[in-house]
Amino acid sequence: MARTDQDERPGEVPAAPARQGRPRRGRIAAAVGILGELLITVGVLLALFVVYSLWWTNVLADREAKKQGDRVRRQWAQQEGPGGPGRLDTKDGIGFLHVPAMHNGEVLVKKGTATETLNDGVAGYYTKPVKSAMPWDKKGNFTLAAHRDGHGAKFHNIDKLDKGDAIVFETRDVWYIYKVYAELSETSKYNVRVLSPVPKESGKTKPGRYITLSTCTPVYTSRHRYIVWGELERTEKVDADRTPPKELR
């Protein structure tokens, strides 16, 4: 009988069957797939956190600031006789900051610079480590802080201020008009000298009536502080129509 090439030859060992793919490769591919899905999920969560921090907290803070500001203005309308809320120093707010160059509208100013205070989309005046003077004091430094990003970001455009720009503080009875004369684009967050009654780092050596704006820098960080100083130029009595000073028209 004739033999084919496929027939076994005497003494020849049959060929081993072909090896199948290693199961380990399948497990590695599955692990890589799971890791990829986890990374995508983490990326989405991080993106949502950024949106929340830089946009949604602004929305919430602006709503709360408006509510608190409206309450202060209602109180002003109900008060009679001399002495506005600045003199009373109410917990609801002592007045409103207006800085045209920052394009941030009116900013309610309250006591303290604690995070929970500033998170409501307001500015706060320092009670420590250096106590702030009030605008109606005969001399001193009215020192304010607000967030630069998130939670209303009321001082986001602080870097837009130039020498000579107006900073106006409004109480029930008086407009206080300051003019910017110096700035410090970066300093240590531990530098409390910028809050001194006589802010010598701004170039001043004698007592006066100053205002200091402070916030975090660079943008989206809190590593350092950005400082702007102003000096009181004049005051104006608030009339029955609350006509703003020329700097705000």
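I started with the order of elements: along the sequence the protein reads α-α-β-β-α-β-β-β-β-β-β. That comes to three helices and eight strands, where helices (H or I, at least four residues) and strands (E, at least two) are DSSP runs numbered from the N terminus.

Ground rules for myself: this is a predicted model, so local features need pLDDT of at least 70 and side-chain atom pairs count only at pLDDT 80 or more, while totals for chains, interfaces and linings use all residues. Residues are numbered from 1 along each chain as its sequence is written, and side-chain values use heavy atoms, with hydrogens and water left out.

**Overall numbers.** I get 39% of the 249 residues as buried (under 20% relative accessible area; exposed is over 50%, partly exposed in between; 1.4 Å probe, protein chains only). Contacts (heavy atoms within 4.5 Å) with a separation of 6 or more are 61% from residues 24 or more positions apart.

**Strand pairing.** I looked at E5 (166-170) and E6 (174-188), which pair antiparallel over five bridges; pairing takes at least two DSSP bridges between two strands. They form a hairpin with three residues between them, and Val-168 sits opposite Ile-177 in E6. E6 also runs antiparallel to E8 (224-237), joined by 12 bridges. There, Tyr-176 has Thr-235 of E8 as its bridge partner.

**Cores.** A nonpolar core here is a set of buried Ala, Val, Leu, Ile, Met, Phe, Trp, Tyr and Cys residues joined through side-chain atoms within 4.5 Å. The largest has 27 residues, and Leu-97, Val-109, Phe-142, Ile-167 and Leu-213 touch the most other members. Which strand gives the most to this core? E6 does, with four residues. I then checked Val-109: beyond four places in sequence, its contacts include Leu-97, Ala-123, Tyr-125, Phe-142 and Phe-169. Another core, of 11 residues, lies apart, with Leu-118, Val-130, Ala-182 and Tyr-210 among them.

**Asp-92.** I found Asp-92 in the loop between helix H2 (85-88) and strand E1 (95-98). Buried or exposed? Asp-92 counts as buried because its relative accessibility is 11%. Its side chain makes a polar contact with the side chain of Gln-75 at 2.7 Å (a pair of N or O atoms within 3.5 Å; within protein, one must be able to donate a hydrogen and the other to accept it, and residues adjacent in sequence count only if both atoms are side-chain atoms). Beyond four places in sequence, Asp-92 is in contact with Arg-71, Val-72, Gln-75, Leu-108 and Lys-110.
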